[in-house]
Amino acid sequence: MERGNDYHRKPFSDGPGGLRIIDPVGRLLTINDVVEEVRLSRAMIYRSMNARDNPFPKPIKFGKASRWSFVEVVEWKKRAVAMRENLA
């Protein structure tokens, strides 16, 4: 699935008067977006939410819809790499 240039946009936007507004959540991802981003199955993503070390971020619920924070998913990936480096 190909995304436009905004897929990996920075977690801030231009506010009134040219001020930079920090968006601590970033883009909200569907489960399909998350699967594509981390290259894990849906089942593995849901199982990873209960992991003791580096649990996967839990979704934000909107009724029955679930969305994940892009920023939290990226932070999870960074922690996974850091944990791997610490084990080496």
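Two residues are said to be in contact when heavy atoms of theirs lie within 4.5 Å. With that in mind, Val 38 touches Ile 45, Phe 56, Val 73, Trp 76 and Lys 77, where residues up to four places away in sequence are not counted.

This is a predicted model, in which local features need pLDDT of at least 70 and side-chain atom pairs count only at pLDDT 80 or more, while totals for chains, interfaces and linings use all residues. Residues are numbered from 1 along each chain as its sequence is written, and side-chain values use heavy atoms, with hydrogens and water left out.

**The chain as a whole**

The chain holds 3 helices and 5 strands, these being DSSP runs numbered from the N terminus (helices are H or I with at least four residues, strands are E with at least two). Along the sequence they follow the pattern β-β-β-α-α-β-β-α. Of the 88 residues, 25% count as buried, a word that here means under 20% relative accessible area, whereas exposed means over 50% and partly exposed lies in between (1.4 Å probe, protein chains only). Among contacts between residues at least 6 apart in sequence, 46% join residues at least 24 apart.

**The sheet**

An open sheet of 3 strands has the order E3-E5-E4, and its pairing is antiparallel. Strand E3 (28–29) and strand E4 (60–62) stand at the edges with a single partner strand each, so one side of each has no neighbour in the sheet. Strands count as paired if DSSP finds at least two bridges between them; E4 is joined to strand E5 (residues 65–69) by 3 bridges, and E3 is joined to E5 by 2 bridges. The residues that face each other across these pairings include the following.

| Residue | Opposite residue in E5 |
|---|---|
| Leu 28 | Ser 69 |
| Ile 60 | Arg 67 |
| Lys 61 | Ser 66 |

E4 and E5 form a hairpin with 2 residues between them, and Gly 63 in the turn has a positive phi of about 65°. Ser 69, which lies in strand E5, is buried with a relative accessible area of 2%. Leaving aside neighbours within four places in sequence, Ser 69 is in contact with Pro 24, Val 25, Arg 27 and Leu 28. Helix H3 (residues 70–87) lies across E3 and E5 and runs at about 55° to E5, where axes are lines fitted to C-alpha atoms, for helices over the stretch in contact, and angles run from 0 to 180 degrees between N-to-C directions.

**The core and helix H1**

A nonpolar core is a set of buried Ala, Val, Leu, Ile, Met, Phe, Trp, Tyr and Cys residues joined through side-chain atoms within 4.5 Å. The largest one has 11 residues, namely Leu 29, Ile 31, Val 34, Val 38, Ile 45, Met 49, Phe 56, Trp 68, Phe 70, Val 73 and Trp 76. The elements that give two or more residues to this core are helix H1 (31–38) and H3.

Which residues of H1 are buried? They are Ile 31, Asp 33, Val 34, Glu 37 and Val 38. These residues cover an arc of only 155° around the axis, which puts them on the same side of H1; the arc is that of the directions from the helix axis to the C-beta atoms. What covers the buried residues of H1 includes E3, helix H2 (42–48), E5 and H3. Just after H1, Arg 39 takes a positive phi of about 60°.

**Charged pairs**

Side chains of opposite charge can pair when their charged atoms come close. A salt bridge is counted when a side-chain nitrogen of Lys or Arg is within 4 Å of a carboxyl oxygen of Asp or Glu, and a search of the whole structure finds 4 of them.

One of these joins the side chains of Glu 37 and Lys 77 (2.7 Å, N to O). This pair links distant parts of the chain, with Glu 37 in helix H1 and Lys 77 in helix H3, 40 residues apart. Glu 37 counts as buried at 13% relative accessibility, whereas Lys 77 is partly exposed, with a relative accessible area of 28%.

Another salt bridge joins the side chains of Asp 33 and Arg 27 (3.6 Å, N to O), and Asp 33 counts as buried at 5% relative accessibility. Glu 85 forms a salt bridge with Arg 84, whose closest N and O atoms are 2.7 Å apart. Here Glu 85 is partly exposed, with a relative accessible area of 46%, while Arg 84 counts as exposed at 52% relative accessibility.
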